[in-house]
Amino acid sequence: IWVHTAPENLNKKLLLVIVESWGVMKDKRIQEALLAPLVAKNEYFDWIKPGEIQGSTATVGAELKELCGLDTRHYNLKPVTTGFEDCLPAQLKQRGYSTAAIHGSVGVMYDRFHWYPRAGFDEIHFSETDSWETRCYSFPGVCDREIMDKYISHAFIGAEKRFVYWLSLNTHALYDKRDLHNDLFDCTKYQLAEGSEVCRMNKLHAQFFNHLAETLTKPSMRGVEVIIVGDHPPRILDQVEKEKTVEEGLVSRVHLRVKD
């Protein structure tokens, strides 16, 4: 698998998506329900492999792990100018790939405006770099659906060798229900209290994966190999609710390739 390393005979089109707060639910039916939109489109894919891995404690830590195989003890990355040379985008750039990173928040958050280029990204997009139309609430920034529609679905058109990295945003704690525009998840079916943090979080994840499935099956995405991985287990303020519903220290992952 090509996360943070670039083996030989790598696919020409690669998309890495780190999904905010996508952990592992103890109720496996919920895991299946969230991935159902992707599984339902499996005729579009050469393969689709779900799984789970050890989860990081913070979003930027997960980024450094997945992109670079690095660990960090602090998140003040602006002055850190070395150590990024072996990150996946830098490796791919040397092999002739164009490299792009996109995130719906501001570039100063965790110094991404500074360290993304050092990690090997030629092209970077944040909320302030492009003329976006939407703004979501769970964490202030561009809505994931707009990034999928305006950027991800067009990112590979005409590209010979291309790597795109996207860090999602709208499934961030505190899981604001104003970000829910397509309610696809019935919490009561899984004995989750309607309106609870875990309920809102899963509704937002269900919305996200439904839109992502639609995006990945567009003709412009043919031949793209995709890794989708959670950054860290979800933050849930109600500890009793969290212990009852969320696996500790794990995040979900899916690996697939869209048919050419």
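E194 forms a salt bridge with K203, and their closest N and O atoms lie 3.5 Å apart; a salt bridge here is a side-chain nitrogen of Lys or Arg within 4 Å of a carboxyl oxygen of Asp or Glu. E194 counts as exposed, at 51% relative accessibility, whereas K203 is buried, at 8%. Buried means under 20% relative accessible area, exposed over 50%, and partly exposed in between (1.4 Å probe, protein chains only). The model is predicted, so local features need pLDDT of at least 70 and side-chain atom pairs count only at pLDDT 80 or more, while totals for chains, interfaces and linings use all residues. Residues are numbered from 1 along each chain as its sequence is written, and side-chain values use heavy atoms, leaving out hydrogens and water.

**Salt bridges**
- The structure holds 14 salt bridges.
- E63 pairs in this way with R112, with the closest N and O atoms 2.8 Å apart. Because E63 lies in helix α2 (residues 59–68) and R112 in helix α4, the pair ties together parts that are 49 residues apart in sequence. E63 and R112 are both buried.
- Helices (H or I, at least four residues) and strands (E, at least two) are DSSP runs, numbered from the N terminus.
- E146 forms a salt bridge with K150, the closest N and O atoms being 2.7 Å apart. The two residues are four apart in helix α5 (residues 144–150), so about one helical turn separates them.
- E146 is buried, at 6% relative accessibility, and K150 is partly exposed, at 37%.

**A buried lysine without a salt bridge**
- K242 is found in helix α7 (residues 239–245).
- K242 is buried yet has no salt bridge, and the nearest side chain of opposite charge, E248, is 4.9 Å away. For such charges, Lys and Arg count as positive and Asp and Glu as negative; His and the chain ends are not counted.
- Not counting residues up to four places away in sequence, K242 touches P234 and I236, where contact means heavy atoms within 4.5 Å.

**Helix α6 and strand β4**
- Helix α6 (residues 197–216) has 20 residues, of which 16 are buried.
- Strand β4 (residues 98–103) is also mostly covered, with five of its six residues buried.
- β4 pairs in the parallel sense with strand β6 (residues 162–167) over six bridges; two strands pair if DSSP finds at least two bridges between them.
- In β6, Y165 is the bridge partner of A101.

Key
The expected span of a helix is 1.5 Å times one less than its number of residues.
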